[in-house]
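Let's take a friendly walk through this model. Keep the sequence and the 3D view side by side as you read.

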Amino acid sequence: MSNKVLTGLHFMQGDIACAEGAIAAGCRFFAGYPITPATEIAERMAKRLPEVGGTYAQMEDELGSMAAIIGASWTGTRAMTATSGPGISLMLENIGYAIATETPCVVVNVQRGAPSTGSATLSFQGDILQARRGSHGEYETIALAPSSSQEMFDLTIKAFNLAEKFRTPVFLLADAFIGHMREEVLIPDKSKINIVKRKLPPCKMSLNEYKSSLDENVAPMPIFGHGFKSHVTGSTHNSYGKRDVTNYEALDYEVKLLSKKISKHKREIISVDSEIKDSNVVLISYGTTYRAVREARKMLKRDNINVGSFRLITLWPFPEEEIEDLAKKVKKIIVLENNLGQIVTYIKAAVKGEAEVIFLPPQVLGTLHKPDYIVDKVKEVI
Amino acid sequence: MKKEIRIAGFGGQGVVLSGVILGKAAVLYDRKRAIQTQSYGAEARGGGARSEIVISDEDIDYPKVINPDILVAMSQQALDKYVKDLKPKGILIVDSELVKDLPEDYIFSLYRVPASQIASNEFGRIIVANMIMLGFLVSLTEVVSLKALKNSVRESVPKGTEEMNIKAVERGRKIGEVVIK
């Protein structure tokens, strides 16, 4: 199995598909600490990375794991870690450091019952806002939500490409359900996999050229060992990358540029899956919840009820304009999340009262919405 | 055609593996669609374990089993817990050694298979009871082809145990054939 890309048809668990996606995307360093329901990713990476010339590091904890992938990334290596909510909580300080130092990396969160230790084997969509605002300070982040084993493969590749292009940590927000579920995964030929590489500066740059060390179009990354000496700091730094912590102008400059490099490129980053046609009612979902929506729509169609579907593949940056447009086309929006309402707040803000927004959690938190429960709700509001 | 199957028992019986084998048989060898999900306790052995498989000729949207067409109960606890979910006129297969207490009136088809007894007495390995069950299940219901099942078993079991597991599948199939006749 020393192939870098396991081209072909597989019956594969989501976690394993994620690991294979990482290998196919060129990830050659993984640091992690085992945690249910993400352990299978670490396990697979521990087996696969040595086969493809990469390195697997079993760390002492999640703080160390996040620190290690940041270090690896600064050598120019594509790096990833995978954990669940309790691990993310421990990683958040260093995730903030990765954001401030503009370090490309992929952080997989296979969400489980929470808060705290919660329920290791139960599924949940509890960490959606944590991905957006978990670390302190003002920043933008990128997060993707897979809804099948296939997307665990595809979106892991996409996460690496976005991380490399925008020099930022990218979250893959899976859950226990999708992580442990097995289904068909078709791995394409290596030549069909698009790999985006980070921009590197030339070995020698004049001071003026290096002035772009903060740039809304993403500065080239002066990785270690390539002859270019640079200063990497989580403290506020100016346009030369020089530490400057007493100056409000420097703070203003850094924070705005870190945010802008993502918000300015939102159109390129955001991906949604929209099937509206002539429906007045639309179901908004993401991740595993989308699977229940698909079944419910099929059942409704049999009753000649046509409801639309709008799925967020990119959760962050939030597809505000897309939701704003959607609200103008429909009368009612039912938001399905497997939590008590996280993304719905952002949806309401984007809808601006143009349509009625109804929130629908599953009957029992953590379980997938039952399709007939969704059908009943649609019939009730229609 | 869409079939929902639930296999339940306790940890260590190979309940999860049985589901994986069926799913793999369907997807890789019969070129159907299949989804396998599972739930189990924190214990490696002894806790409740459940494996669910949806097999269909078309794309599968909803991956969970709500009302199975087929329930395989490998423990009394599993039967007691899940028999109420079985579809009316569904198929219930129990390990007759492990499930003694059966519902009094029912409208499903009931099959009592001495899988763990045969596994111990004829194979000297209780662990192959799940393979006997799979052989029986497939010969009775044809949810996957026997050829696909065997290919999938060969690919999924530990190296060196292939022949024993295939024999156990065959043994289960023979019981199934007798029942059908």
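## Helix α5 of chain B

In chain B, helix α5 spans residues 146–156, and its buried residues are B:Ala148, B:Leu149, B:Lys150, B:Ser152 and B:Val153. Buried here means that 20 or more other C-beta atoms, placed from the backbone, lie within 10 Å of the residue's own. Helices are DSSP runs (H or I, at least four residues), numbered from the N terminus. The buried residues of α5(B) pack against α1 (15–29), α4 (129–141) and α6 (162–180) of chain B.

This is a predicted model, in which local features need pLDDT of at least 70, side-chain atom pairs count only at pLDDT 80 or more, and totals for chains, interfaces and linings use all residues. Residues are numbered from 1 along each chain as its sequence is written, while chains are lettered from A and ligands numbered from 1 in the order in which they are written.

## How α1 meets α5

The axes of α1(B) and α5(B), lines fitted to C-alpha atoms over the stretch in contact, lie 8 Å apart at an angle of about 120°.

On the α1(B) side, the contact includes B:Leu17 and B:Val20; on the α5(B) side, B:Ala148 and B:Leu149 are among the residues. Two residues are in contact if their C-beta atoms lie within 7 Å.

## Around B:Ala73

Leaving aside neighbours within four places in sequence, B:Ala73 is in contact with residues including B:Ala8, B:Tyr82 and B:Val99.

Notes
Buried ≥ 20, exposed ≤ 12 C-beta atoms within 10 Å, placed from the backbone. Helix = DSSP H or I, 4+ residues; strand = E, 2+ residues; numbered from the N terminus. Axes fitted to C-alpha atoms, helices over the stretch in contact; angles between N-to-C directions.
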